[in-house]
Amino acid sequence: MLSAVRATRRSLRYFRSISNSAMDKGYQQANVVVLPNHLADDFEAFCRSNPAPLPLLYRSRSGETSCPPLAKHADIRTDISQYCVYEEGHLVETVSSLQSYGGQPSAASGPWSDMVCFYLGCSFGFEGKLKKAGVPVRNVEQGRNVSMYRTAVRCFPAGKFSCPLVVTMRPIPAALLDAAVEVTHLNPLAHGAPVHIGDPAFLGIQDLSRPHYGEQVELQPGDVPVFWACGVTAIEAILSSKPPLAFSHSPGCMFLTDIPDAPSSPLTPPSDSLQPQHTKPHPEQTPLCFQVSHNPLLYSLASQAAVAKIRQLETVIGEDPGERGIRALFVQDELLRSCLALSHASSVAITTGFPTHYMHSPPDETDGPPGAIAMATMLLSLGKKVTMLTDRRAVEMNQAIIDEAVRNGVLKAAIPLVTFEDSGPDSALHFLCHHGDASKPRYDHLVAIERSGRASDGNYYNMRGINIKHLVDPIDNLFIAAKDIPGITTTGIGDGGNELGMGKVKDKVINLMPKGSLIACDVPADFAITAGVSNWGGYAVACGLYLLHTCPSHQRYLKKGLGLEAVTPQDQLQDWTANLPSVDKEESFLSTLVKFGIRSGKTAHLAMEVDGLTFHPTHSDIITRLLEVTQRSTTP
C-alpha cells in the first residue's frame, strides 16, 4: 500500500488531474505553505495559537524540499498537482511545478534556498473514516471539491500573521451528527471536531451557495451544515502578511503523506515532526452534540463526562421531599440544553418573583431569588452581561436585596434592575430589541425562575388556586414575543407547573398536578427545568455552566479551536469556583430575604426555610451534593 502512495506521488510529477478529496488511499493528506525564512518563526507561532485550522505536522529546514518524517522520497516542488504562487500578498499564478524556483532536490538553490515549508493537517484525511462510519460525504457524492468559506471570526495573531478563519462545510444528516463529531474528534491533526454546527450566519457566512474556495456542495433534505476549521486559513495568512514570495497548495490539491489514516486511532505524526504527540482521547472526553436553538439553528458540543455530570445534577434537583409530585413534569436534558444555550449567550435577563402571600407585605416567597442570584453571579464570572427583571411594585426592595448581596459577597457585582410595562402592542419588541428592531436583540436569553406564570384564562394563580394577577406585571409577554425573534432563547424553572415557562409541560400539569387545569401556566419556554424546589434549579444551572466552561470539548467549540490553552488559567478557574453556590453564601442570602420580610412559600413562616423545608438539613444537603458532583474529578 505504501509503495502505491509513493507511486502516486511520482505519477503526479507527470499527470496533474487527481481530485484529492476523492483520492482515498488510506493515508493522511496535508496542506502546504512555503514562506521566506524570516517569517517562519512567526508562522509557526501562528499555527500554535490556532491549532484547529493549522495543525502543524512538520516544519522543514530552509531550502529543504523533502519531508522525511512525513513521506520518504518526496519532493514538495513536484508532488502536488497544483500550486499557487504569491507575490506581495497577491496570487500571481497557479503552476504544476515549483522547480523553476530553485535547483535540484539534493541541492536547492535560488529563491528556494531561503524558503521554509510548513505541512499542515487536512480534513480530507477524515472523509474515508466518515464514510466507514456510515456518514455520507456529500462533496464526494456530488463529485465536487469541498466548500470552503472565509468567516468573520479572526484567528489569534502572531507576529506578521493575522487573518480570518477559513472553514470547510460538509452537509451531515441530523441523525448522524454524533457519529460525525466522534469520528473527527479522534483526528485532531486533521482539524478535529467541528467548530460550528448550524446557521452559517454565526460565522459571518451569508450565502452557502457562494464558497470563497472550492465548489458549492448542496444540502439534501434532513442535512445540517457542519463546519470544520480549514488549512486554507494559511492562504489567508499569506494574503494578509504580504510576503515578497510565497507558495501554497491550490485549495483541494493536497500533499499525500506516508502516515496511515488508521480508522482505529487518531492520526499521530512521526516522533521527529514538530507537532506534540496526540494520544487517543479518553472515551469520556468524546463530544456529544445537542440542538440548543431552532431559530437560528444552533447545535453545541460537550464531552460525555460533562454531559454525565449535568445529568447527575438534574437527578439531584429532581428529588421531591415536599411530595408535590414534581417528578411527573420532568423532561430529560432540559437542564443540559439550557446550560448549553446560556453558555453561548452574551446578554441574559433573569426574572423571578412569586407573590403567593397576597395577604402579607411583601407578598413574595423565599423560593426564586436565591436561585436567580446564583445564576447571575456565575454568568457574570463567565463574562456575560446580566440584567434582573422585576415587578414595578418590588423595585425598591429588590434593589436593596441586590445591593446587600454584593456587599456580602453572594453576588459578584452589581447588576441592572429593570421593569417592563405593557403600554402597547409593540412594547415587548421594544423592550427586547434595540429600537424595536427584531434583528438587534438586546438579550439573547431570558430566564424565569419561580416566576408567576399566566394561565390560559389570563390570570395568575398560586398553588392554592388563588388569583394573584393584581400583584404581577405582564413579563410573560416578553417570553411570548421572544418566540418570534430570532436569536432569543428562553428558559423556565419551576416546581409546580404554575411558573412562567412551564407552559412547555402544560398537558402534564393539567393531568397530573393538583388544581392543574386551573393553575397551569399557558406560556412555554424553550427549556423547562423542573426541580423539587425552584432554587435548586438555579443552583444546578450555575453548576452546569461551570462544568461546561471547564470542559475542553465545549471550550474548543466556543472558541472555534482558536487560541487554545491546554489548561484553564488558575486565576480564572479560582474565580469560577468562588462564584459557585455554596452553603455559606446561600444561608447568608436566605437570611437577607428573611430580614426583608420575605416568607417561606408553603407555610408563610418568616424563617430560614423555603417551601416549608428548613435550610438545614434539606437545602444545605442539596447544595452540598450539587457541589460534590460538580467538583468531582474526571478521569483524563
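How many bridges join strand S8 (residues 196–197) to S9? Two, and the strands run antiparallel. This is a predicted model.

- S9 spans residues 223–229 and is mostly covered, with seven of its seven residues buried.
- In a regular strand, side chains alternate between the two faces of the sheet.
- In S9, both faces are covered.
- One side carries Asp223, Pro225, Phe227 and Ala229; the other carries Val224, Val226 and Trp228; all are buried.
- Strand S7 (residues 164–173) pairs with S9 through seven bridges, in the antiparallel sense.
- Opposite phenylalanine 227 of S9 stands methionine 169.

**The largest nonpolar core**

- Nonpolar side chains tend to be buried together in soluble globular proteins.
- The largest nonpolar core here holds 89 residues.
- Ile197, Ile350, Met388 and Val541 have the most contacts inside this core.
- Helix H15 (residues 534–549) gives the most to the core, with 10 residues.
- The core lies between domain 1 (1–260) and domain 2 (287–631), because both give residues to it.
- Beyond its neighbours within four places in sequence, valine 541 is in contact with Leu335, Cys339, Leu342, Met375, Ile493 and Ile529.

**A second core**

- A separate core has 45 residues.
- Among its members are Phe43, Tyr86, Met148 and Ala246.

Methods
Residues numbered from 1 in each chain as written. Predicted model: local features only at pLDDT ≥ 70, side-chain atom pairs only at ≥ 80, totals over all residues. Heavy atoms only, no water. Buried < 20%, exposed > 50% of the residue type's maximum accessible area, 1.4 Å probe, protein only. Helix = DSSP H or I, 4+ residues; strand = E, 2+ residues; numbered from the N terminus. Pairing = 2+ DSSP bridges. Core = buried A, V, L, I, M, F, W, Y, C linked by side-chain atoms within 4.5 Å. Domains from an automatic or database assignment. Contact = heavy atoms within 4.5 Å.
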